[in-house]
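Dear colleague,

I am handing over a structure for your review. Please find it below, followed by a short account of what was found in it.

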Amino acid sequence: MLVALAFVVALATTIGDYRIGFGTVVLAISNGLGLTGADIPPIQESVVWDLRLSRALVAALSGAGLALCGAILQALLRNPLAEPFVLGVSAGASTGAVCVIVLGIGAGSLSLSMGAFAGAFSAFALVALLSNGATSGPNHTILAGVAAAQLFNALTSYIVTTSGNAQQARDVMFWLLGSFGGVRWPDFQLLILVIVFGLAVCLWMARTLDAFTFGDEDAAALGVPVARIRLVLFAVTAMITATIVSMVGAIGFVGLVVPHAARYIVGPLHLRLLPASAALGAVFMVLADIASRVVATQQTVPIGVVTALVGVPFFAIILYRARPST
Amino acid sequence: MTSMTIRADNLTWGVGQKTIVRDVSLRVEKNETLGLIGPNGSGKSSLLRLLAGLKRPRSGQVEIEGQNIASLSRRALARQLAFVQQSAASDTNLSVRDVVKLGRTPHRSALSGWSSADEAAVAAAIARVDMVARRGQAWQTLSGGERQRVHIARALAQSPTIMFLDEPTNHLDIHHQIEILRMVRDLDLTSVVALHDLNLASMFCDRIAVMQNGALVACDLPSKVMTESLLHEVFRIKAEVSPDESSGRPHIRFCSE
Ligand SMILES: Nc1ncnc2c1ncn2[C@@H]1O[C@H](COP(=O)(O)OP(=O)(O)OP(=O)(O)O)[C@@H](O)[C@H]1O
Ligand SMILES: [Mg+2]
């Protein structure tokens, strides 16, 4: 899996509008890592190292993070349709982003990402409040998430329609569908911290997640402090999701489908499912990013569109092969 | 008395205005098998949840081996006490063995490996409920009674000293009903078993507690509890009760009129 990941990342750094040979790419990367001091054109080195590699790695981490969150929420909410955005995080992020883009709140001092992050977290806080600090059952939490998402979406629409112009509305929509266009190394550094931390917490709790198989009360009977675990894991997933959304937008589909694909490959036990989801999500997202650049070279196809277009057929195959044999 | 394992005092619990368990006090001795009978909705499951610490009583308290369960962590409690729910469903497709392995959860830390004690407990539990041949089978493909047996195996794998079983026999064929209840009786465990089959309760339980409208109306030896007048009053049935020839325990024959 790691080999596959390294391969697609290398592929992603090779493919682009500006043609650079694969050998040059490898040299540029090893130069960047300080392993070699090969003599290659600085502009090529810069394109590979500063633009493409950071972009590919952020894509990989985003995919890993979203898939991980999806797997956890599907277990905690015991709902196969759960995905990172059920807790209203993406709706909150878009409201935050719109406040910055359209209303100019913060007047330049607040970046788009910070606005989105603040919005995402306030949505999560609202959901946590509505579901009594995550002590009530899964369906209650899902409804709270739906309510929060509706509220924030309405707020977004209200702001855009009353004070935005057409161009701004288009900006917002593009931003929401996701793009890896603007990411650079500092994004990667922040993201890897968040993901490594989140993955560590989740792996620590992997066995506990298995105990939720037969419901919250049953988990409690197996010695799991249910309310505390739920709150911690919701907070961790919200943090990962909010960070990703504020960086690259609300990229759908990955967090919903990749955990199912991973479950199909490694089974439902979380000690294996969580790392498998993360790895699969990373590979999938890098491939989707490549596809988004290859399919339409002159325009930028939003990454969220590609993940759905590429992912649905894959998913259809899995659904077909995993159908109950009757 | 040192042999008292479970001691509940004045337990009351309800939802909103409704009181579901009223002022129940109960003692269960070490290694005793206590049957819990009563009509639908009389509060059997609710009482078991209170005893297992899964619900917090409005008033009253539960002590296990002299310790108030409210002061124990969930994990510490789960090492002593296993609970077999009336119905436990899941969409996840674990194998029988994986489900039974969940029973080891309170004994394992986050990163500890699978120990030989874990393995022994799981293997013994699967053998105990007669599921060895199906240990690799997927949960979703099991029959209702097989699922129930797997849940009991999971509770056994928890290596508890106390076991609460909420209608453990309601999906089982008569062979396995008797098999499971005999097992519960013969294990070195203190157990409380909610049952609907009055004859089985009378055959396998050391004492029987009777619930009606959330209150405990009787708790005594089967021969004292299973009387025609009590059955009429609690279950609104007409029955003839006579001592069984071999065991001397009350045997109940229901009258159709
Ligand atoms: N969370 C709850 N909210 C409202 N009512 C409840 C709740 N839990 C239980 N009840 C009610 O309390 C009563 C007792 O329920 P309980 O499940 O304890 O009955 P039971 O004796 O186990 O019945 P059965 O034989 O059908 O299993 C029922 O009338 C039930 O509807
Ligand atoms: Mg019940």
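The term pLDDT denotes the predictor's confidence in each residue, on a scale from 0 to 100. The structure is a predicted model, and chain B has a mean pLDDT of 91, with 98% of its residues at 70 or more. For the model, the ipTM is 0.88 and the pTM is 0.86.

In an unreviewed entry, UniProt lists residues 6-238 of chain B as "domain: ABC transporter". Over residues 6-238, chain B is 35% helix and 26% strand.

Chain B contains an open sheet of six strands with mixed pairing, in the order β6-β7-β8-β3-β9-β10. Its edge strands, each pairing on one side only, are β6 (81-84) and β10 (215-220) of chain B. On average, neighbouring strands of this sheet are turned by 15 degrees against each other, direction ignored.

Two helices may be considered together with the strands. Helix α1 of chain B (residues 44-51) lies across β3 (33-37), β6, β7, β8 (190-194) and β9 (207-212) of chain B. The direction of α1(B) is at about 155 degrees to β7(B). Helix α9 of chain B (residues 228-235) also packs on the sheet, where α9(B) touches β3, β9 and β10 of chain B. The direction of α9(B) makes about 35 degrees with that of β9(B).

Yours sincerely

Methods. Residues are numbered from 1 along each chain as its sequence is written. Chains are lettered from A and ligands numbered from 1 in the order in which they are written. This is a predicted model: local features need pLDDT of at least 70, side-chain atom pairs count only at pLDDT 80 or more; totals for chains, interfaces and linings use all residues. Side-chain values use heavy atoms; hydrogens and water are left out. UniProt positions are given in the numbering used here, feature names are shortened, and annotations may be inferred rather than shown by experiment. Helices (H or I, at least four residues) and strands (E, at least two) are DSSP runs, numbered from the N terminus. Two strands pair if DSSP finds at least two bridges between them. Axes are lines fitted to C-alpha atoms, for helices over the stretch in contact, and angles run from 0 to 180 degrees between N-to-C directions. Contact means heavy atoms within 4.5 Å.
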